[in-house]
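Hi,

Here is the structure I promised to pass on. Have a look at it first, then read my notes below.

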Amino acid sequence: MKIAILSGKGGTGKTTLSVNLFSSLNKVTLIDADVEEPNSHLFLKGNTYHEEDINKQYPVVDHDLCTLCGKCGEFCNFNAIIPAKKKVLVFDDLCHDCGGCKLVCPTNAISYTDKAIGKIFYQSVGDNKQFLYGRLTVGEVSGVRIIEYLKNVTKKEEVLLIDSPPGTSCSTVAAIEGSDYCIIAAEPTPFGLSDMRMVVELLREQKLDFGVVVNKSNLGNDDIYKYLEEEGIELLENIDFREEFAKIIARGELLVDHSEYVRNIMNSIIKKVLGETYA
Amino acid sequence: MKIGICASDHTPESLVANRFARAPYFAVYNSETLDFAFFNNTAKDEGSGAGGKAVKVLGDLKVDIVLVPELGPKAIDALNAFEIKSYQYKQGKTVREALYEYFEKKLPEMLDASVKGKH
């Protein structure tokens with residue numbers, strides 16, 4: 001079972017939920033797919049036993065074959081390849097590695113070459129749990145390749161949690177694609193609700209099942225509950241904001257190690273999402 | 001010879017634009033016919049890579065020289081590839097004034113990027 005944790009708005013508790021659910025389960029693998037700013041590893045303090053470079057490909061133009069027809073430049077949505085007067089310019093840092101320019105080139109003048117764009121780290125946590133995270137190199141435009149790699153090497157895991165990037169961009173879509181269930185970490189503020197609506201739209205478009213955990217539920221207003229009811233969306237749990245929780249998180253520690261209240265909530269979420277046998 | 005100028009609006013009395021690739025219009029002055037023509041800058045709303053695309057727009061307009069406020073590294077590379085020379089104007093001038101200053105050789109040629117990219 002693959003469960004993605006996502007949010008829309010940042011700072012609503014994706015990582016808090018992910019690492020505390022991870023710690024509440026006996027047999028589970030977690031990937032931190034927020035490769036632009038991974039942070040789950042700060043809480044899990046695992047032991048890195050392996051790391052790998054992840055490459056993207058970008059186009060190289062053979063100017064003996066190129067007729068400067070301009071088709072590659074017309075195709076590219078990111079202005080990464082621009083046919084000029086006597087040669088074709090390639091801005092490899094703008095390239096999203098879609099493969100399109102090679103497909104549209106009528107003279108086969110385009111091939112691809114590799115460029116390292118980041119790394120993935122394999123960690124063991126405790127005796128039998130695995131955690132993987134990716135890190136995109138600063139300046140690179142897209143972490144999708146790294147996220148796809150993380151998901152590919154964990155595709156056979158029985159229970160997989162995916163700490164997803166915020167927002168509704170390509171990275172988020174890559175992280176949640178193929179999930180059996182998604183948990184939205186929401187907060188009851190106007191921004192929280194507004195961004196959550198976009199995530200709901202995305203999940204419905206992707207035809208993925210989902211439920212909501214309202215974090216910091218004693219703050220803000222109750223518009224989010226009205227919205228969930230109107231839309232018929234499952235409310236999995238509420239988690240209060242408490243100053244002591246903020247302190248625990250700021251120290252890089254797990255809420256479940258300190259709070260029975262949070263332990264019970266995590267178990268309740270696990271029962272609802274994974275079933276009794278996992279709790 | 002055709003001279004491009006980054007313009008905030010579409011008349012010779014409009015102010016020059018304060019951005020290159022995100023300029024609303026490109027004025028193109030034809031030194032043979034002595035005419036101005038104005039074109040929408042179709043690169044201005046690009047999500048990324050507007051610098052290179054804006055140069056492509058100027059290249060397609062057959063511009064030989066462009067007068068600009070600032071240039072990033074990708075725009076410079078692209079200008080070189082399109083063999084377009086660039087000269088830097090000061091803010092607050094009209095399109096016509098910037099053009100006169102170019103003919104009076106008061107504008108410095110840009111050989112390197114004046115700003116870092118990726119903002």
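Helices (H or I, at least four residues) and strands (E, at least two) are DSSP runs, numbered from the N terminus. This is a predicted model, where local features need pLDDT of at least 70, side-chain atom pairs count only at pLDDT 80 or more, and totals for chains, interfaces and linings use all residues. Residues are numbered from 1 along each chain as its sequence is written, chains are lettered from A and ligands numbered from 1 in the order in which they are written, and side-chain values use heavy atoms, with hydrogens and water left out.

**The sheet in chain A**

Chain A has an open sheet of 9 strands with mixed pairing, in the order 3-6-7-2-8-1-9-10-11. At its edges you'll find strand 3 (47–61) and strand 11 (234–239) of chain A, each with a single partner strand, so one side of each has no neighbour in the sheet. On average, neighbouring strands of this sheet are turned by 20° against each other, direction ignored. For angles like this one, axes are lines fitted to C-alpha atoms (for helices, over the stretch in contact), and angles run from 0 to 180 degrees between N-to-C directions.

As a reminder, strands of a sheet pair through backbone hydrogen bonds, either parallel or antiparallel. Strand 9 (residues 181–186) and strand 10 (residues 210–215) of chain A run parallel and are joined by 5 bridges. If you want to find the spot, look for Ile183(A), which stands opposite Gly211(A) in strand 10 of chain A.

**Helices in chain A**

Which strands does helix 7 of chain A lie across? They are strand 1 (2–6), strand 9 and strand 10 of chain A, and the helix runs at about 175° to strand 9 of chain A. Helix 5 (residues 144–153) of chain A lies across strand 2 (29–32), strand 3, strand 6 (110–125), strand 7 (129–136) and strand 8 (160–163) of chain A, at about 50° to strand 6 of chain A.

Helix 7 (residues 190–205) of chain A also packs with helix 8 (residues 223–231) of chain A, at an angle of about 20° and with the axes 11 Å apart. That makes helix 7 and helix 8 of chain A roughly parallel (angles under 35 degrees count as roughly parallel, over 145 as roughly antiparallel, 65 to 115 as roughly perpendicular and the rest as oblique). From helix 7 of chain A, Leu193(A), Met196(A), Arg197(A), Val200(A) and Arg204(A) meet Asp223(A), Ile224(A), Tyr227(A), Leu228(A) and Glu231(A) in helix 8 of chain A; contact means heavy atoms within 4.5 Å. By class, the contact of helix 7 with helix 8 of chain A has 6 nonpolar, no polar and 4 charged residues. Here Ala, Val, Leu, Ile, Met, Phe, Trp, Tyr, Cys and Pro count as nonpolar, Asp, Glu, Lys and Arg as charged, and the others, Gly among them, as polar.

Helix 1 (residues 14–24) and helix 10 (residues 260–274) of chain A pack at about 80°, with axes 10 Å apart. They are therefore roughly perpendicular to each other.

**Over to chain B**

Chain B has an open sheet of 5 strands, ordered 3-2-1-4-5, again with mixed pairing. Its edge strands are strand 3 (35–40) and strand 5 (85–88) of chain B, each pairing on one side only. Strand 1 (residues 2–7) and strand 4 (residues 65–68) of chain B pair in the parallel sense over 3 bridges, and Gly4(B) has Val66(B) as its bridge partner in strand 4 of chain B.

Helix 1 (residues 50–60) and helix 2 (residues 73–81) of chain B pack at about 30°, with axes 7 Å apart. That makes helix 1 of chain B roughly parallel to helix 2 of chain B. Gly51(B), Gly52(B) and Val55(B) of helix 1 of chain B make the contact with Ala75(B), Ala78(B) and Leu79(B) of helix 2 of chain B.

Cys101(A) is in no disulfide either, with the nearest cysteine sulfur, that of Cys95(A), 6.4 Å away.

Cheers

How values were computed
Pairing = 2+ DSSP bridges. Disulfide = S-S within 2.5 Å.
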